[in-house]
Amino acid sequence: MAEAHSAVAFSFSVTPEGIDVNLNHEALKAVWKSGVRSWKKRIGRAKNQFKNGVYPATPMSWLFIASIVLGTQLAGYDISFGLIGWSQAHIPWVRDFSSVVRLYLSCMLFSTLLWVAKANVMKYTLKMLLHYHGWMYEPRGPMTLRTKIWMGLVKLFGGKKPLLMSYQSALPKISVPQVSDTIDRYLKSIRPLMDDEKYNRMEGLAKEFLSGLGPKLNRYLKLKSWWSTNYVSDWWEEYVYLSGRSPIMVNSNFYGIDAVLVHPTKIQAARAANVIHAMLLYRRELDTEQLNPILLNKTIPLCSSQYERQFQTTRIPGIEKDKLMYMKDSQHIAVYCRGRYFKMYVYQRGRLLKPCELEVSIQKIIDDTSESAPGEEHLAALTAGDRVPWAKARQEYFSKGKNKASLDAIEKAAFFLSLDDEAQDFDACDSTKMDRFGRSMLHGKGYDRWFDKSFTLVVLNNGRIGFNAEHSWADAPIMAHLWEYATIEDKFKFGADAPVMGHLWEVSTADDRTLGYKEDGHTKGEPEMTPPNPIRLEWELPKPCIAVIENSLEVARQLLNDVDLHIIMHNSYGKGFMKTCKVSPDAYLQLALQLAYYRNAKKFCLTYESSMTRLFKEGRTETVRSCTNESCAFVRSMDDSGKTDAERVKLMKAAAEVHQKGYRDAMTGKGIDRHLFCMYVVSKYLGTDSPFLSEVLSEPWRLSTSQTPHQQTNKLDLVKHPEHISAGGGFGPVADDGYGVSYIVAGEDVIFFHVSCKVSCLTTDSKKFGNSINQAMQDIKNMFTNSR
């Protein structure tokens, strides 16, 4: 408890001689610096909010306008059409000054009004331009004149040097589609999955919905779209994520793993220190909005709102539904190591600790030999089991005393760190090692990840790393952005001449940008101060609480033991060959998955591919239904001896075009599933039942797929350094008798597939499906090669 005593800045005691007052000057200094940092952060945020509020205009443009107005006025030209003279004569607080001051004040006032008008014209012109999505539907090849002009206007009105949130007020709202359009697209999507009898029945339900309840529900949605920022996202977060009462481990959380082709150090504390430091540098750029917003084609902005809750966020369990708790700042992280929990400070005296200083703190935790308190080792199983028992236990056993203080330390931490006592690795000759690596990140032992935190950084005892992320606060591309940043910063040394980003409330030195490792595997640099000792968190868990923990652990073990996960490193070819085929890589891979599934199951299935809707404000995801009439025709042709390779290529390209159109529709707000989901929510609010909507939303996604994005930063040229690509990540199966497939196009020659299903299902097998994917990829390549 030495750290707690040293934190007391003021104390007194009563003695026979009077009151003895003690002042701890170091603690007072720390309190002062903490307060200064807090106020600087507030000022910095206010400054950024002002810049974002007037963007694309800039404060410098105000100075330019003011100079022009004042110069012309002094030269005898009145460009204000008499407004400057009127303000000198009629505005009371201006009239009280001398004539020269009145002139200057009136010019400044007019310049400000002119500048604000300019800012709003630019902003709303940009918003109007961003409503246009025709550029997405143009065929491959040279850009049309219309799109060139449009992109030129977007660049003109888009401003320069935007902050992360600069485009938020210029992004358009997502529109509510017409019910008839959504129904048409839905019926087309299910046609290849149903025989005539089932399809006619579904078509009848759809027509009944379209002529009856559908338009009424849609009117409510349009009313909501006028009132809310996004008519989908809040309901999606609340009902799909936070209202779920089943475990979030495997069912909702997703994972990511290391760049497995490089292994910078085998020292656990050193790797953890560098990655933590890199993540906190990223958080600094996030807080100051120096992180570059994502721009499609380096021009069209995507919504950045999901970044706000990346750190200091925890999912809090509830009886009926959970909620997200977000803290604006935190100067510590929570650490789990061999059954014990620690609070580890990452700042001291207003400065972010250097990697070599963080390594000292982490090594102290690893070397700690204290025993776990009763129930402590398995405590995090509460976050892995069902939500209701965890919510009740939290209210009963963690609402006061030591347990509340320790739980607060975890929930208010920047993020959670798990120091595993096991090793995981990659071996090109033994795929089971990668499978175990992926499972370790997806669920661990069921009690060594805090599944409620926005993310858990996992550092294995051989220096490998990964993460487990909670899904409700954001989608996978946001976490992938942080992961790409951190893993690249971790492995590359930036010298003293590298660009240094000094910010208003942080001390930033060249050392902040000097990561990497010494030859012995330890972090670079030497500590300039002794970092604060990690604080061991204390728990008093009564037997009834321990019983709840063990019950949750049993639920978690049943769930994780049912996971069948296989990771494939497909290195026969990659994006490079796909480009020569003149087929979108994503469409190419989706068609390969359709072929693999059909060969395995001897039938087609409803297929989910995740697409983003971040072209709109607060957009999240939409579903691309990848199984289409055209994809089925191509798949059947692959095993039809009567078809030539040239005919198969033609069918594949036709299917790819349809897939791409579906993807573009989803991105531009013309998807199927989010619209139907929101109408279903409205029907429940109104207390009405729709047989059509109930049946649509109960259809199982037996093939659920997602592509992991990369190169969201410009820190590394992966063409020159392809070995530094992350192996991506994945998720658990969505349907009991289905597959979850995530893939990352890792450069020109490598693709990683993460395939999951359930052990308990007799009709699924991740390795068998993985082999089918490899065979499908090879067969498609041979088809293109032979057709040439």
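**Note on salt bridges, cysteines and cavities**

1. D639 has a relative accessible area of 49%, so this residue counts as partly exposed. The model is predicted. D639 forms a salt bridge with R599, with 3.0 Å between the closest N and O atoms. R599 sits in helix α21 (residues 585–601), while D639 belongs to the loop between α22 (629–638) and α23 (645–667); the pair therefore links parts 40 residues apart in sequence.

2. The structure has 42 salt bridges in total. One of them joins E540 and K402, at 3.4 Å from N to O. E540 is in the loop between β15 (535–536) and α19 (543–560), and K402 is in helix α16 (residues 401–411), so this contact ties parts 138 residues apart in sequence. K402 is partly exposed, at 40% relative accessibility.

3. R464 and D425 also form a salt bridge, their closest N and O atoms 3.0 Å apart. Both lie in loops: R464 between β13 (455–459) and β14 (465–469), D425 between β12 (416–419) and α17 (431–442). R464 is buried at 3% relative accessibility, whereas D425 is partly exposed at 26%.

4. The whole structure has zero disulfides. For C303, the nearest cysteine sulfur is that of C678, 16 Å away. C303 is buried, at 2% relative accessibility. C337 is buried too, with a relative accessible area of 2%.

5. There are four cavities of 30 Å³ or more. At least two lining residues come from each of α11 (233–242), β18 (621–625) and α24 (673–686).

Key:
Residues are numbered from 1 along each chain as its sequence is written. This is a predicted model: local features need pLDDT of at least 70, side-chain atom pairs count only at pLDDT 80 or more; totals for chains, interfaces and linings use all residues. Side-chain values use heavy atoms; hydrogens and water are left out. On a 1 Å grid over the protein atoms alone, a cavity is a set of points where a 1.4 Å probe fits but cannot get out, and a pocket is an open set with protein on both sides within 12 Å along at least five of seven lines; lining residues have an atom within 4 Å of a point. Grid points are joined across faces, edges and corners, and a volume is the space filled by probe spheres set on the points. Helices (H or I, at least four residues) and strands (E, at least two) are DSSP runs, numbered from the N terminus. A disulfide is a pair of cysteine sulfur atoms within 2.5 Å. Buried means under 20% relative accessible area, exposed over 50%, partly exposed in between (1.4 Å probe, protein chains only). A salt bridge is a side-chain nitrogen of Lys or Arg within 4 Å of a carboxyl oxygen of Asp or Glu.
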